[in-house]
Amino acid sequence: MVFNIENALIIMSVIIGIILILLLISGNIKEYISREFYSLGTLNQLKVCGRKANKAIDESIRKLCEIDDKMSVFKENSEISKINQYAGKQSLIVSEDTYYVIEKAIKYCMLSEGAFDITIRPIVALWGIGKEDVRVPGSSEIKQKLKVVNYKDIVIDKNNSSILLKNEKQEIDVGGIAKGYAADQVRDIMIKNKIKSALINLGGNIFVIGSKDDGNAWTVGIQNPFKRRGEFALTISVINKSVVTSGNYERYFETGGKKFHHIINPSTGYPSESDIISSTIISDNSIDGDGLSTGTYIMGVFKAMRLIEEMKGIDAIFITKNKEVYVTSGLSGKVTLTNNEFVYKNSI
Ligand code: AMP
Ligand code: MG
């Protein structure tokens with residue numbers, strides 16, 4: 001081969017190409033693979049960086065569909081639907097997944113003193129939440145259905161993983177906590193596949209694994225409850241954390257000039273009207289964040305701040321109707337208000 005500039009350039013480009021391929025294979029070039037898909041009644045996104053990213057995403061999607069099949073109240077053969085069909089009659093032996101979610105849910109029913117109550121299903125169904133035929137039910141219907149709402153009637157038996165609802169007509173709905181469990185399962189799959197950096201977004205329930213590829217913390221935006229989707233009230237910077245928000249803007253319908261959202265106060269049977277309109281929980285496990293975000297939303301800012309400040313390793317951001325932002329002490333320096341209509345109220 002004759003040595004001239006042209007040949008030298010060709011050789012150099014081949015060498016650079018080989019180096020790039022080797023770097024990609026060894027995982028030294030950081031590139032995120034992103035996939036969006038529908039499951040758990042919502043749009044999800046997984047953004048994953050690592051050699052086994054595609055495998056981890058495939059496994060995660062399979063697990064999420066499995067969780068949906070076991071826990072959806074909209075699937076007749078799900079374990080949750082079967083528990084509801086057997087109410088007052090017999091117990092049902094359930095999978096480890098479902099047992100764990102119900103056991104944890106009961107913990108949050110107790111901690112929130114019944115603000116979070118998974119036996120809320122008959123009321124949720126009355127309002128048509130999650131379906132097309134939403135409507136404002138009559139007060140007598142609500143009163144009637146409220147009689148069977150009581151998480152203390154869920155009997156769980158660890159020995160044989162069985163669940164029983166004591167009374168006929170009782171029904172459970174784990175929609176307020178299952179996405180958190182699902183996010184934890186995806187996190188475990190990512191770790192098993194040696195993924196060091198990923199963003200798990202299950203319909204707004206966020207879990208970040210590690211830091212971003214540039215080594216910086218992830219910045220997660222918290223929706224401005226007064227504005228359309230994607231406009232933030234504040235941001236939080238996190239590494240290896242779950243960030244779960246319950247908000248009045250997530251699922252609602254409007255009639256007669258009034259908005260009715262999907263988080264029901266079990267003591268009234270109506271959408272919660274506490275001072276909180278957005279409740280974010282930051283935690284190591286998303287199941288805790290999910291149960292607590294729905295519960296604290298209903299409890300109101302005073303009780304909610306007291307509860308979360310008492311819990312080790314868990315933090316919260318509450319936005320009130322008056323655009324006040326309450327942040328627990330563990331988050332100092334990590335929150336940035338991005339809209340000047342909101343003001344900090346860091347103590348109660
Ligand atoms: P989240 O978006 O996590 O706050 O959960 C809201 C969902 O939880 C609703 O769509 C209902 O399925 C269910 N839910 C509503 N009110 C309650 C409640 N008081 N306790 C438990 N689950 C609830
Ligand atoms: Mg929740």
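This report looks at aromatic ring pairs and at lysines over rings in a predicted model.

Residues are numbered from 1 along each chain as its sequence is written, and chains are lettered from A. Local features need pLDDT of at least 70 and side-chain atom pairs 80 or more, while totals for chains, interfaces and linings use all residues; side-chain values use heavy atoms, without hydrogens and water.

Rings of Phe, Tyr and Trp (its six-membered ring) pair if their centres lie within 6.5 Å; planes under 30 degrees apart are stacked, over 60 edge-to-face, the rest tilted. By that rule there are 4 aromatic pairs. One of them joins Trp127 and Tyr270: with planes at 75°, the pair is edge-to-face. Trp127 sits in helix H5 (residues 121–127) and Tyr270 in the loop between strands S12 (258–261) and S13 (276–283), so the pair ties together parts 143 residues apart in sequence. Helices (H or I, at least four residues) and strands (E, at least two) are DSSP runs, numbered from the N terminus.

Then there's Phe226 with Phe342, a tilted pair. Phe226 is in the loop between S8 (218–223) and S9 (232–238), and Phe342 in the loop between S16 (335–337) and S17 (343–344), 116 residues apart.

| Pair | Centres | Planes |
|---|---|---|
| Trp127, Tyr270 | 5.6 Å | 75° |
| Phe226, Phe342 | 6.3 Å | 40° |

How accessible are these rings' residues? Buried means under 20% relative accessible area, exposed over 50%, partly exposed in between (1.4 Å probe, protein chains only). Trp127 is buried at 1%, while Tyr270 is partly exposed at 29%. Likewise, Phe342 is buried at 3% and Phe226 partly exposed at 39%.

Phe226 also has Lys323 over its face, 4.6 Å from the ring centre. Lys47 lies over Tyr32, at 5.3 Å. A charge sits over a ring if NZ of Lys or CZ of Arg is within 6 Å of the centre and within 35 degrees of the ring normal.
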